[in-house]
Each structure stands twice: as C-alpha cells, then as structure tokens.
Amino acid sequence: MIDFDTAQAHLAARATSPQSQETIRLEALNGRVLATDIEARLDLPPADNSAMDGYAVRTAEVTAAGTTLPIQQRCFAGQTPKPLRQNQAIRLFTGSVMPQGADAVLMQEDCQETDNQVTLGRVPKAGQYVRVRGEDMARGQTVLQKGTVLGAPQIAVLAAQGFAEAPVFPRLSVGILTTGDELMMPGQPLRPAAIYDSNAPMLASLCLGLGTAKPVVRHARDEADAIEQALTELASQCNLVLSVGGASVGEKDLVKPAIEALGGTLDLWRVRMKPGKPVALAELHGRPLVCLPGNPVSSFVVFALLVSPLIRGLQGRQTLFPPVRRGVLTDDHVKGGDREEFLRVRADLSAAVTRLTPYHQQSSGAISSLSWADALARIPAGFQTRPGAEIAWYALADWLG
Ligand code: AMP
Ligand code: MG
C-alpha cells in the first residue's frame, strides 16, 4: 500500500511538457496553455494620459484655489494635444494624452468653466490624475509566463499589447477505455443485470473541463483480445490513456495482463485512500496509461486528486497542484478508518472558518453524492472529531479546472 500523497506525487512526476506548439488567434485562446513567456512590446499606457475628465495644468502656475486660466484647447481621447502654453489650461477627457508641459489634471467636478476660461477650485498636486507612460506594463517586461492557462484577464493583456495571436501547446489528446460486460451505453433499454456506462461520459467531461481535446472513447468487453486491441488503438492515437475498471484482482480483471501482454510496464498500487484503492500507472508504447477504479465515485475522486495534476503537467501548465484548503466538519459523527477518506461535502465559505457538510450517503457507489458535492474533505486515518478540528479539503472548482 502507498499513501495518497506519494501516489499523487508519482503520477505528477510522470508529466512531461508537450514537445510542439501552435499559433492560435486571440478569439480562440480561451483555456489554452501558453507555450512561451510573453514580453511587453509596448509601454502601457503608451503615453502619459489623463485619468479623469478635467483640465491639464502646470502646478507651479496654480498656487491658490480660485485661479482662473484661459482654455488653450479641448483635447479628446485619441487626439494629440499641443504643448501647454504658459498660464493656460487644456481641457482633457479620460484617456486624453497629457500635453507636454502639463504635470497635473484637475477633475471637472472641482472646476468651473465659463467663456472659455476655467476657474480651478483646488490647488493641484504634481502628478495627480495622470497615468504615467509604462506604469501598467513596461516594454520588455515579462507580462505572461509560459505554462499559464489563458482566460479573460490574460487575453486582455495580449490584446492590450497588440498581439492578434499567441503560441500555445496543442490540446492534450486523451483516450478513455471502459471495460465490463455489464455495461451498456445510455440511450438503449437496460438489459437485466446490466448498468449504464457512467464513467466514460463523466471522464470525458472531466477531461474537457481541464481543457483537453475531445477524448477518444472505447469500450471493451471483459475479454483479453478486445482489451488489448482497444488499448493498442488508444495508445497509438493519444498522449494519455485512462482505463476504467478491470484492474483489480478478480477473475475478469484483464487490464493488467493486457498491458503486460502488449509489452507495457505497470506499477499497480493499492493507494491507502477511500474511495479509490486500486490505481495503476502504466506505460504503453511510451505513453502514460492510468488505470482507474471502476466505481464511478472512486474514478471521479481519483481523477480529481491524482490524475488532474498529471494532466496539467502533460498540458504544459505551470501549476499542477491547486490549493488545498482548511475547514471544519459540521458533522460530529465522522470517524477516520484505516485508510484516508475523501468525503463528498458541500463547503460553506460564508463564515471565517469554512464549514464542510458531508453528503448523507458516502458509499463509493453513490453517484448522487457527486452531483450534490462541491468539495472533497480529507479525513485522516484514525481521525477523531473534536469541536473545531480542522481538516484539509479540496474545492472541485479548483481541482477540476
Ligand atoms: P471493476 O473494477 O471492473 O470490477 O468495476 C468495479 C465496479 O465499478 C463494478 O461494480 C462495475 O460494474 C462498476 N463499473 C466499472 N466500470 C464502470 C463504468 N464505466 N460505468 C459505471 N460503472 C462501472
Ligand atoms: Mg469490470
């Protein structure tokens, strides 16, 4: 048996960054992983400009409130003003370029304009309401780092710098193999003794949520040939293969022998965690293959906490491990067992200390717990509740993104 943290670290250590990159248009960058550092090619703002609608002045000339100056010019955003003449003011608007010679802006609320003259109600401080060239981003500065997942804020930075496209890593291709004679595809009438395959759609959705390409999904009956054939196909097409079920020690657990028959190498671990004990990291045709437990709840938890860091690494991301948070259980009856346990909980962050409420049904067969929960609470082996005992928890929004 190995413990949870060791299994998580082993899987993440198998991640190698993608070897290739592609150039993608700004509109299609959402969720993609940046393949190089991005340096600012412009100072931003590109010139000193006004942060307010108001009047540009020379502070040395406005030493008393009530000073009146003639208005030399009105300069709208997008226009280039003339240099400020002595003892005059220039009417500006938010974003207007500062005239040469001016060193402050008085906001219009503090001024009175009549007959092309302005009376300044305050004494300005040098630099007030002026946005200085390069104060946001300076040319040559690294503004985005390689391995960053691009969302709206990063896309705004690229656009502001004038980039119409950016280099990103290719989307990770993932293959998913489900096994089991009892499984049927949703949409067909259920045969006696059969169940629907919930893992394949769930895992495909989990992969898409992390920003992979649309996964290639295959199902194999519990027969050595079928499993070998499907694994060969997936390992030749995909950069990561996930197999579900059939990797325990029952008579119909044929995934492990299939990997070995195909010349793959395999580390089968009994991870000291509940749900999720049997997990294997294999290598087939040079590609990583992770064998997940068949129970949908187990495979969900193992995917979220053990497989997602590996996927982030294979995507070329900089951050493999989302934050682990701390909170307190609302239920006093929770006791730790002989393995660490990951309870499906709801996290209430509205108070200073996060409160975690477990779903009433924690069996590894309870798929309903997944759609109810927004977090997983980590209960150490042998845990004894006492009021206020803090435990670690994992927000699904963090770990599945
Ligand atoms: P196994 O490891 O193949 O023995 O599977 C463990 C349990 O998970 C069994 O009850 C299987 O029926 C169930 N299971 C395996 N694969 C799936 C799947 N794709 N969808 C739903 N349940 C599954
Ligand atoms: Mg099975």
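**Close-up 1. Polar contacts of ligand 1 in the predicted model.** A polar side-chain atom of Asn199 lies 3.3 Å from a nitrogen atom of ligand 1 in this predicted model. The backbone also takes part: a nitrogen atom of ligand 1 is 3.1 Å from a backbone N or O atom of Ser198, and a polar backbone atom of Gly294 lies 3.2 Å from a nitrogen atom of ligand 1. Ligand 1 exposes 480 Å² when taken alone, and the protein buries 74% of that.

**Close-up 2. Surroundings of ligand 1.** Ligand 1 takes up the space of the largest pocket. It is surrounded by 13 residues, the closest being Glu182, Asp197, Asn199, Gly246 and Gly294.

Close-up 3. Arg14 counts as buried because its relative accessible area, 17%, is under the 20% limit. Beyond residues up to four places away in sequence, Arg14 touches Leu281, Glu283, Gly286, Arg287, Pro288 and Leu310.

**Close-up 4. Lys82 in the loop between β5 and β6.** Lys82 is located in the loop between strands β5 (67-75) and β6 (89-92). Its relative accessibility is 55%, over the 50% limit, so Lys82 counts as exposed. Leaving out residues up to four places away in sequence, Lys82 has contacts with Gln72, Gln73, Ile90 and Pro99. Lys82 and Pro99 are 17 residues apart along the chain, and their C-alpha atoms are separated by 6.1 Å.

Terms used: Residues numbered from 1 in each chain as written. Chains lettered and ligands numbered in written order. Predicted model: local features only at pLDDT ≥ 70, side-chain atom pairs only at ≥ 80, totals over all residues. Heavy atoms only, no water. Buried < 20%, exposed > 50% of the residue type's maximum accessible area, 1.4 Å probe, protein only. Contact = heavy atoms within 4.5 Å. Near = heavy atom within 4 Å. Polar contact = N/O pair within 3.5 Å; in protein donor to acceptor, adjacent residues only side chain to side chain. Areas by Shrake-Rupley, 256 points an atom, 1.4 Å probe, with all protein chains shown as cover. 1 Å grid on protein atoms, 1.4 Å probe; cavity = no way out; pocket = protein on both sides within 12 Å on 5 of 7 lines; lining within 4 Å. Sits in = over half its atoms within 2 Å of the grid points. Helix = DSSP H or I, 4+ residues; strand = E, 2+ residues; numbered from the N terminus.
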